[in-house]
Amino acid sequence: MKYLGIDFGSKKIGFAQSDDGGRIAFPLMIAPNDKSLIGDTLELIREMKFGVVVIGESVDGAGKPNAIAKEARIFGATIEKAIDVKVVFEKEWYS
């Protein structure tokens, strides 16, 4: 299964793709966090046939979500509502 990794930031979004077996990730691109982000992301998922979207969940030192994590959750929910793809979150610790 092929994975799309998303590093969600307030100004820029980093994208990475896995190999077809889902074992190794490779940088894909960086995009601005603007009004075209969701549409462009959905198009990318469809065109590259990703089966799972993994979004980094930014947390503070105590492991609690910070402000950007809330935005990332909304972004992930929007993706799941718009397209048939599984969205999962992985905590980012000091990354």
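The legends below accompany close-up views of a predicted model.

**View 1. Helix α2 and its buried side.**
Helix α2 is formed by residues 67-82, 16 residues in number. From first C-alpha to last, α2 reaches 24 Å, close to the 22 Å expected at 1.5 Å a residue. Ile68, Ala69, Ala72, Phe75, Gly76 and Ile79 are the buried residues of α2. These residues lie on the same side of α2, because they cover an arc of only 115° around the axis. On the other side of α2, the exposed residues are Ala67, Lys70, Ile74 and Lys81. The elements against which the buried residues of α2 pack are β1 (3-8), α1 (37-48), β4 (52-58) and β5 (86-92).

**View 2. The N-terminal end of α2 and Ser58.**
Asn66 caps the N-terminal end of helix α2. A side-chain oxygen of Asn66 lies 3.2 Å from the backbone nitrogen of Ile68. The side chain of Asn66 also makes a polar contact, at 2.9 Å, with the side chain of Ser58. Ser58 belongs to strand β4. With a relative accessibility of 17%, Ser58 counts as buried, because buried means under 20%. Not counting residues up to four places away in sequence, Ser58 touches Pro65, Asn66, Ile68, Ala69 and Glu92.

**View 3. Helix α1 and the residue that follows.**
Helix α1 has 12 residues, which should span 16 Å at 1.5 Å a residue. The end C-alpha atoms of α1 are 16 Å apart, in agreement with that value. Buried in α1 are Leu37, Thr41, Leu42, Leu44 and Ile45. They cover an arc of only 160° around the axis and therefore lie on the same side of α1. Strands β1, β2, β3 and β4, together with helix α2, are the elements against which the buried residues of α1 pack. Just after α1, Lys49 takes a positive phi of about 55°.

Asn33 is found in the loop between β3 (25-32) and α1. Its relative accessible area is 24%, so Asn33 is partly exposed. The side chain of Asn33 reaches the backbone oxygen of Gly9 at a distance of 2.8 Å. Leaving aside neighbours within four places in sequence, Asn33 is in contact with Phe8, Gly9, Ser10, Lys11, Lys12 and Ile13. Gln17 is 16 residues from Asn33 in sequence, and their C-alpha atoms are 19 Å apart in space.

**View 4. Ser18 in strand β2.**
Ser18 is part of strand β2. Its relative accessibility of 8% is under the 20% limit, so Ser18 counts as buried. The side chain of Ser18 reaches the backbone nitrogen of Tyr3 at 2.8 Å. When neighbours within four places in sequence are left aside, the contacts of Ser18 are Met1, Lys2, Tyr3, Ile24 and Ala25.

**View 5. The largest pocket.**
The largest pocket has a volume of about 190 Å³. It is lined by 13 residues, of which Leu4, Gly5, Ile6, Ala16 and Ala25 are the closest to its centre. Strands β1, β2 (12-18) and β4 are the elements that give two or more residues to the lining of the largest pocket.

Definitions and conventions. Residues are numbered from 1 along each chain as its sequence is written. This is a predicted model: local features need pLDDT of at least 70, side-chain atom pairs count only at pLDDT 80 or more; totals for chains, interfaces and linings use all residues. Side-chain values use heavy atoms; hydrogens and water are left out. Helices (H or I, at least four residues) and strands (E, at least two) are DSSP runs, numbered from the N terminus. The expected span of a helix is 1.5 Å times one less than its number of residues. Buried means under 20% relative accessible area, exposed over 50%, partly exposed in between (1.4 Å probe, protein chains only). The arc is that of the directions from the helix axis to the C-beta atoms. Contact means heavy atoms within 4.5 Å. A polar contact is a pair of N or O atoms within 3.5 Å; within protein, one must be able to donate a hydrogen and the other to accept it, and residues adjacent in sequence count only if both atoms are side-chain atoms. On a 1 Å grid over the protein atoms alone, a cavity is a set of points where a 1.4 Å probe fits but cannot get out, and a pocket is an open set with protein on both sides within 12 Å along at least five of seven lines; lining residues have an atom within 4 Å of a point. Grid points are joined across faces, edges and corners, and a volume is the space filled by probe spheres set on the points.
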